[in-house]
Amino acid sequence: MDYATAHAGFVQRLDTTHRLQTRINAEEAQDPAELDLLFESMFIAAFRALENLLEDCFIYSMQGMADMSGVAVPRHASPTSRQHAREMLMGPQTVLDWTTAGAITRRFETFLNDKNVGLYVGVTGGSSTLSTAKDLRNHIAHNSDESAAKYARVVGVFYPTMPLVIPTPGELLRSTPTVGPAKSKQVFTYFRERFIDIARNITAAPA
């Protein structure tokens with residue numbers, strides 16, 4: 001595996017969600033609960049693909065591999081294998097977080113060097129998207145009072161005038177706002193496009 005192979009796998013996964021989204025939108029008289037479940041599942045799949053890509057590319061850089069532009073990030077560590085790299089990254093943690101830009105950049109500063117490379121710039125440039133997507137993902141996964149508070153802020157990103165009834169995550173993802181960052185497109189489409197942009201930046205894939 002390398003940067004190009006990982007990026008190709010990510011693109012294939014996002015293309016699958018796009019095809020499914022297109023088919024769902026073309027059908028008529030669908031059950032709203034089923035639509036919510038489908039859009040939430042597509043979002044989880046797309047966000048997980050981005051998390052996996054981030055981890056893969058970070059480890060490739062720790063192993064000295066070049067990104068898709070041919071640039072190898074200077075590094076402070078030289079793990080002997082992928083497992084060794086993961087052990088170095090894990091430390092005392094039980095889970096590696098690839099959804100919080102601050103955690104990723106701190107990891108970068110510990111193990112890698114040169115903040116001008118795509119991996120670092122892609123993460124910092126996509127920090128807002130990562131944060132919003134994480135809060136949405138957490139509410140889909142947990143549906144708790146704690147996740148609901150952060151989810152309300154996610155709704156506010158796309159609907160500056162808060163709806164009287166807070167939409168479910170599935171309703172939000174399949175909605176098409178008239179203002180804001182997802183103006184005139186489904187919120188899921190907005191996230192899918194932003195994930196693709198982040199992936200292109202961190203891998204230095206050609207546009």
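Let's start with the charged side chains: the count comes to 10 salt bridges, where a salt bridge is a side-chain nitrogen of Lys or Arg within 4 Å of a carboxyl oxygen of Asp or Glu. Keep in mind that this is a predicted model, so local features need pLDDT of at least 70 and side-chain atom pairs count only at pLDDT 80 or more, while totals for chains, interfaces and linings use all residues. Residues are numbered from 1 along each chain as its sequence is written, and side-chain values use heavy atoms, with hydrogens and water left out.

One of these salt bridges joins the side chains of Glu 51 and Arg 137, at 3.0 Å from N to O. Glu 51 sits in helix α2 and Arg 137 in helix α6, so this pair ties together parts that are 86 residues apart in sequence. The helix names come from DSSP runs (H or I, at least four residues, for helices; E, at least two, for strands), numbered from the N terminus. Is Glu 51 buried or exposed? With 17% relative accessibility, Glu 51 counts as buried, and Arg 137 is buried too, at 18%. Here buried means under 20% relative accessible area, exposed means over 50%, and partly exposed is in between, using a 1.4 Å probe and protein chains only.

Another salt bridge links the side chains of Glu 109 and Lys 115, at 3.3 Å from N to O. Glu 109 has 38% relative accessibility, so it counts as partly exposed. Lys 115 is partly exposed as well, with a relative accessible area of 45%.

Now look along helix α9. The side chains of Asp 197 and Arg 200 meet in a salt bridge at 3.2 Å, N to O, and both residues lie in α9, three residues apart, about one turn of the helix. Asp 197 is partly exposed at 29%, and Arg 200 is partly exposed at 28%. Elsewhere, salt bridges that share partners join Glu 55, Asp 56, Arg 82 and Arg 86 into one network.

Stay with α9 and see how it packs. Two packed helices are described by the angle between their axes and the distance between the axes. For helix α2 (residues 32-62) and α9, the axes come within 11 Å and cross at roughly 10 degrees. These axes are lines fitted to C-alpha atoms, for helices over the stretch in contact, with angles running from 0 to 180 degrees between N-to-C directions. The two helices, α2 and α9, are therefore roughly parallel to each other. On this scale, angles under 35 degrees count as roughly parallel, over 145 as roughly antiparallel, 65 to 115 as roughly perpendicular and the rest as oblique.

Which residues of α2 and α9 meet? On the α2 side they include Phe 39, Phe 43, Phe 47, Leu 50 and Cys 57, and on the α9 side they include Phe 188, Phe 191, Phe 195 and Ile 202. Contact here means heavy atoms within 4.5 Å. The residues of this contact between α2 and α9 divide into 15 nonpolar, one polar and no charged. In this grouping, Ala, Val, Leu, Ile, Met, Phe, Trp, Tyr, Cys and Pro count as nonpolar, Asp, Glu, Lys and Arg as charged, and the others, Gly among them, as polar.

Next, follow α9 (residues 187-203) to Thr 203. Thr 203 has 0% relative accessibility, so it counts as buried. Leaving aside neighbours within four places in sequence, Thr 203 is in contact with Tyr 3, His 7, Leu 53, Cys 57, Asp 67, Met 68 and Ser 69. The side chain of Thr 203 also reaches the backbone nitrogen of Ala 205 at 3.3 Å.

Most residues other than glycine have a negative phi. Ala 204, in the segment after α9, has a phi near 60 degrees, a positive value in a residue other than glycine. Ala 204 is partly exposed, at 26% relative accessibility. Ser 184, in the loop between α8 (169-174) and α9, also has a positive phi, near 65 degrees. With 59% relative accessibility, Ser 184 counts as exposed.

Finally, visit helix α5 (residues 118-125), whose buried residues are Gly 118, Leu 119, Tyr 120, Gly 122 and Val 123. These buried residues pack against α1 (3-26), α2, α4 (101-111), α6 (127-142) and α9.

Definitions and conventions
Polar contact = N/O pair within 3.5 Å; in protein donor to acceptor, adjacent residues only side chain to side chain.
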